[in-house]
Amino acid sequence: MKPTRGSRLIIRLVALSLGIAALCIALTQPQASELHHTVVSADSIKWGPAPPSLPPGAQAAILLGSPAKEGPFVLRLKFPAGFIVPPHRHSKDEYVTVIAGAFAIASGEKVDRQSLKPLPPASFVHLPAGMPHYAVVEVETIVQINGVGPFDVTYVDPKDDPRKR
């Protein structure tokens, strides 16, 4: 069957539409010259006060993104010996890697020191969204938190929330 003038027009319109769609996709994708990777050497990490959602005494260094903004972030937290993060939860998953020291973390709505087992450096913990958990460190400890912002902290007992003091 020989294509009609109308069918040839439809074929041309479809081809034109596909070409325009491909061009739009190509124009919205980052070009190779715009892409970059992030490298943070250990000696360039700048420590400052931790977010106000943590009890006083902790320090923080943002390596990538921002926990307060939309998108992925990487945050390091440095806790002094004896630091406790009271039971709390997050609305998004939290991914924790122990960098230095010993990090004791457990799930639950009350701190139970007997159930804690400190994790050594290179250990990893995944905390699902909504799961109450707490942490205790006996020696200075550094952890890395990976997540997707905006990231929140809701304390099980509102009296534990340092933002309300």
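Guide: Rolling a probe the size of a water molecule over the atoms shows where empty space is left. In this structure the largest pocket holds about 370 Å³ of space. A pocket here is an open set of points, on a 1 Å grid over the protein atoms alone, where a 1.4 Å probe fits, with protein on both sides within 12 Å along at least five of seven lines; lining residues have an atom within 4 Å of a point. Grid points are joined across faces, edges and corners, and the volume is the space filled by probe spheres set on the points.

Visitor: Which residues are the closest to the centre of the largest pocket?

Guide: Of the 25 lining residues, L54, L75, L77, F151 and V153 are the closest to the centre. The elements that give two or more residues to this lining are β2 (59–64), β3, β4, β5, β8 and β9 (141–149), and β3 gives the most, with 4 residues. By class, the lining has 19 nonpolar, 5 polar and 1 charged residues. Ala, Val, Leu, Ile, Met, Phe, Trp, Tyr, Cys and Pro count as nonpolar, Asp, Glu, Lys and Arg as charged, and the others, Gly among them, as polar.

Visitor: On what basis are the model and its numbering to be read?

Guide: This is a predicted model, in which local features need pLDDT of at least 70 and side-chain atom pairs count only at pLDDT 80 or more, while totals for chains, interfaces and linings use all residues. Residues are numbered from 1 along each chain as its sequence is written, and side-chain values use heavy atoms, with hydrogens and water left out.

Visitor: How many helices and strands does the protein have?

Guide: The secondary structure comes to 1 helix and 10 strands. Helices (H or I, at least four residues) and strands (E, at least two) are DSSP runs, numbered from the N terminus. Along the sequence the pattern is α-β-β-β-β-β-β-β-β-β-β.

Visitor: How do the strands pair?

Guide: Two strands pair if DSSP finds at least two bridges between them. An open sheet of 4 strands has the order β6-β8-β4-β10, with antiparallel pairing. Because β6 (104–107) and β10 (154–155) stand at the edges, each with a single partner strand, one side of each is left without a neighbour in the sheet. Within this sheet, 3 bridges join β4 (residues 84–89) to β8 (residues 133–136), and I84 stands opposite V136 in β8. Elsewhere, β2 and β3 run antiparallel and are joined by 5 bridges; A61 has R76 in β3 as its bridge partner. These two strands form a hairpin with 6 residues between them, and G65 in the turn has a positive phi of about 65 degrees.

Visitor: How is an aromatic pair described?

Guide: A pair of aromatic rings is described by the distance of the centres and the angle of the planes. Rings of Phe, Tyr and Trp (its six-membered ring) pair if their centres lie within 6.5 Å; planes under 30 degrees apart count as stacked, over 60 as edge-to-face and the rest as tilted. The whole structure contains 3 aromatic pairs. The ring centres of F79 and F103 are 6.1 Å apart and their planes are at 10 degrees, so this pair is stacked. F79 lies in β3 (residues 71–79) and F103 in the loop between β5 (94–100) and β6, so the pair ties together parts that are 24 residues apart in sequence. Ring pairs link F79, F83 and F103 into a cluster.

Visitor: Are F79 and F103 buried or exposed?

Guide: Both F79 and F103 are buried. Buried means under 20% relative accessible area, exposed over 50%, and partly exposed in between (1.4 Å probe, protein chains only).
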